[in-house]
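The tour below goes from one selection to the next.

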Amino acid sequence: MYAGWVVGISLSLAASLFGTVGKVLMKLSHLHDRSLVLLVSATFCVIVLNPVFDAWSFAFAAQSVLAPMAGFSVVWNIVLAPYILKETLSPQVLHGSLLIVVGCAIVGISGSHISPTHTPEELFSLFTEVAFIVYAVISIVIMIALVSVIQTRPQHSSWRRFAFGALSGLIGGNLFFTKAAVELIGKGSEVWQCTETYFIIVFALGCPALGIYVLNLGLKEYDALHIVAIYESFLILCGSISGVIFFHEGEGMQEWWQQVLYPISIITTIAGVIVLSKKSGPDSPVGEKAPLMQAKPVKLVVQTV
């Protein structure tokens, strides 16, 4: 039985940890008047360490299994934010995070545990299949609509906040470029004679970077918890769906329980994000000074008889 998917998941979890550290440092830099040291450290974690470990994981496991592991960023948020940003956890954060963790766990169980390799010609041909072209067109239309929302809606609009997170997640969730690039690099020197190789590598590097850039723009205006939660949600959705469509990873989920549990796991993850994205109240702060975990803290009430 192929067990490389376990190694892939482990590397993916490490990548999400580095990504979360980077986002926390990014938020911390906004709280300290854009500290250069914090911003450089954040950039190194998000642009270098996170992609390297993430790309490495694709050499071992299917994209549709690895994509939802980004949800563990919420777990790392819970661990890091109270200590680094001195913020307080709340029932809302804990409940939403639990749903996301459960959803990711079910994905790991029910997702495809095989990761077939392809020849360069097979990889290039995947970009010309009708199913992928339809997916790409739909994604581009959605991105254009989200950009329109960002440009036309006022800052206090919840739709504008949602658009920032969704757009950054959709852009960064094009993980099929990363997996395809990892496969191509391992094929030898002949792949560098193909123009398609450079096209794939540019998008493999550019999509995560552009996604983080859009995310950072959103962090300047809105609280990080909501923006990051929406970002992770769309990153998971886009990564999971595109993996099934582009690499035909549905062929590794032939059992009836996999076909039932996998969609449930995605829905569970979305439910967790919805819980996390609920507005805390009309006086909730927005912008660079807003907390990473914005919600009312748990209050203990002791009644005396």
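Start by selecting helix 8, which is mostly covered: twelve of its 15 residues are buried. Bear in mind throughout that this is a predicted model. The buried residues of helix 8 are R160, R161, A163, F164, G165, A166, L167, S168, G169, L170, I171 and G172. Next, check the length of the helix. The end C-alpha atoms of helix 8 are 21 Å apart, which agrees with the 21 Å that 15 residues should span at 1.5 Å a residue.

Now go to the N-terminal end of helix 8 and select S157, which caps it. A side-chain oxygen of S157 lies 3.2 Å from the backbone nitrogen of W159.

W159 and F162 are three residues apart in helix 8, so about one helical turn separates them. In an α-helix there are 3.6 residues a turn, so residues three or four places apart point the same way. The two residues can also be coloured by accessibility: W159 is exposed, with a relative accessible area of 53%, while F162 counts as partly exposed at 29% relative accessibility.

Select R160 next, and E221 with it. Which contact do their side chains make? They meet in a salt bridge, at 2.3 Å from N to O. R160 belongs to helix 8 (residues 158-172) and E221 to the loop between helix 10 (195-219) and helix 11 (224-246), so the pair ties together parts that are 61 residues apart in sequence. R160 has 11% relative accessibility, under the 20% limit, so R160 counts as buried.

Turn to the aromatic residues. The whole structure has 20 aromatic pairs. For a group of rings, select F127, F132, Y135, F176, F177, F199, F203, F246 and F247, which form one aromatic cluster.

Finish at helix 5, residues 91-110. Helix 5 has 20 residues and reaches 28 Å from its first C-alpha to its last, close to the 28 Å expected at 1.5 Å a residue. To see which of its residues are buried, highlight Q92, V93, G96, S97, I100, G103, C104, I106, V107, G108 and S110.

Conventions
Residues are numbered from 1 along each chain as its sequence is written. This is a predicted model: local features need pLDDT of at least 70, side-chain atom pairs count only at pLDDT 80 or more; totals for chains, interfaces and linings use all residues. Side-chain values use heavy atoms; hydrogens and water are left out. Helices (H or I, at least four residues) and strands (E, at least two) are DSSP runs, numbered from the N terminus. The expected span of a helix is 1.5 Å times one less than its number of residues. Buried means under 20% relative accessible area, exposed over 50%, partly exposed in between (1.4 Å probe, protein chains only). A salt bridge is a side-chain nitrogen of Lys or Arg within 4 Å of a carboxyl oxygen of Asp or Glu. A polar contact is a pair of N or O atoms within 3.5 Å; within protein, one must be able to donate a hydrogen and the other to accept it, and residues adjacent in sequence count only if both atoms are side-chain atoms. Rings of Phe, Tyr and Trp (its six-membered ring) pair if their centres lie within 6.5 Å; planes under 30 degrees apart count as stacked, over 60 as edge-to-face and the rest as tilted.
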